[in-house]
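Today I'm looking up a few residues and who they sit against.

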Amino acid sequence: MNQKTNGDAIEIFLEGPISEKTELFDVKVQNFKHIKLNMAKVTFINSIGVKNWISWTVRFSLGTKLIMEECPYVIVNQVNIVHGFVPKGTIITSFYAPFLCESCAHELTMKLENDVHYKYAANQLPHEVHLPELVCTKCGSPMEPDFMVDKIFGFLKEKA
Ligand SMILES: [Zn+2]
């Protein structure tokens, strides 16, 4: 894990599993107002990790903003499934989603980005989803999202 601080902002680069031993939970989060997590190298999260993660976010000071970037698919799933996994107002700036070719079963993972592929609801406007149109690199057929679009973007709805 690497971290950079700048006044009341901290940026943390996580690596490996989120479990009982994750160093992230030792960070004195109450000292920061802006917490940015880069999760590109997170491999998985187990149930103890989920529990520790939630008690960690509970220690945030009031009004702290959490930004999560390059979330693996498993993390976005947790955000959607586990109520209270992220504090209200958290922004997921990007995450990785699986796509599948129905003709040849080729799979690929694509990074979906806020303000490009999806948009949070704001100023009375509803949230938006614009999935990329991907073509299979093996056979040229269109690729389909290998996830339930409504479910995976559930996180957009909570933060209106
Ligand atoms: Zn294909």
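I started with the word contact, which means heavy atoms within 4.5 Å. By that rule, and not counting residues up to four places away in sequence, Asn 38 touches Ile 12, Phe 13, Leu 14, Glu 69 and Glu 70.

Before going on, I noted that this is a predicted model, where local features need pLDDT of at least 70 and side-chain atom pairs count only at pLDDT 80 or more, while totals for chains, interfaces and linings use all residues. Residues are numbered from 1 along each chain as its sequence is written, and side-chain values use heavy atoms, with hydrogens and water left out.

**Asn 38**

I found Asn 38 in strand S3, residues 34–45. (Strands are DSSP runs of E, at least two residues, and helices are runs of H or I, at least four, numbered from the N terminus.) Is Asn 38 buried or exposed? I looked up its relative accessible area, got 8%, and so wrote down "buried". (Buried is under 20%, exposed is over 50%, and partly exposed is in between, with a 1.4 Å probe and protein chains only.) Its side chain also makes a polar contact with the side chain of Glu 70, at 3.0 Å. (That term needs a pair of N or O atoms within 3.5 Å; within protein, one must be able to donate a hydrogen and the other to accept it, and residues adjacent in sequence count only if both atoms are side-chain atoms.)

**Salt bridges**

Next I looked for salt bridges, meaning a side-chain nitrogen of Lys or Arg within 4 Å of a carboxyl oxygen of Asp or Glu. How many turned up by this rule? I got 3.

- Glu 11 pairs with Lys 4 at 3.8 Å, N to O. Glu 11 is buried, at 19%.
- Lys 36 pairs with Glu 69 at 3.7 Å, N to O. Lys 36 is in strand S3 and Glu 69 in strand S4 (residues 65–69), so the pair ties together parts 33 residues apart in sequence. Lys 36 is partly exposed at 30%, whereas Glu 69 is buried at 16%.
- Lys 111 pairs with Glu 70 at 3.5 Å, N to O. This pair links distant parts of the chain, 41 residues apart: Lys 111 is in strand S7 (residues 107–113) and Glu 70 in the loop between S4 and helix H2 (73–81). Lys 111 is partly exposed, at 29%.

**Asp 146**

Last, I checked Asp 146, in the loop between strand S10 (143–145) and helix H3 (149–152). I logged it as partly exposed, at 37%. Asp 146 and Leu 100 are 46 residues apart along the chain, yet their C-alpha atoms are separated by 5.6 Å.
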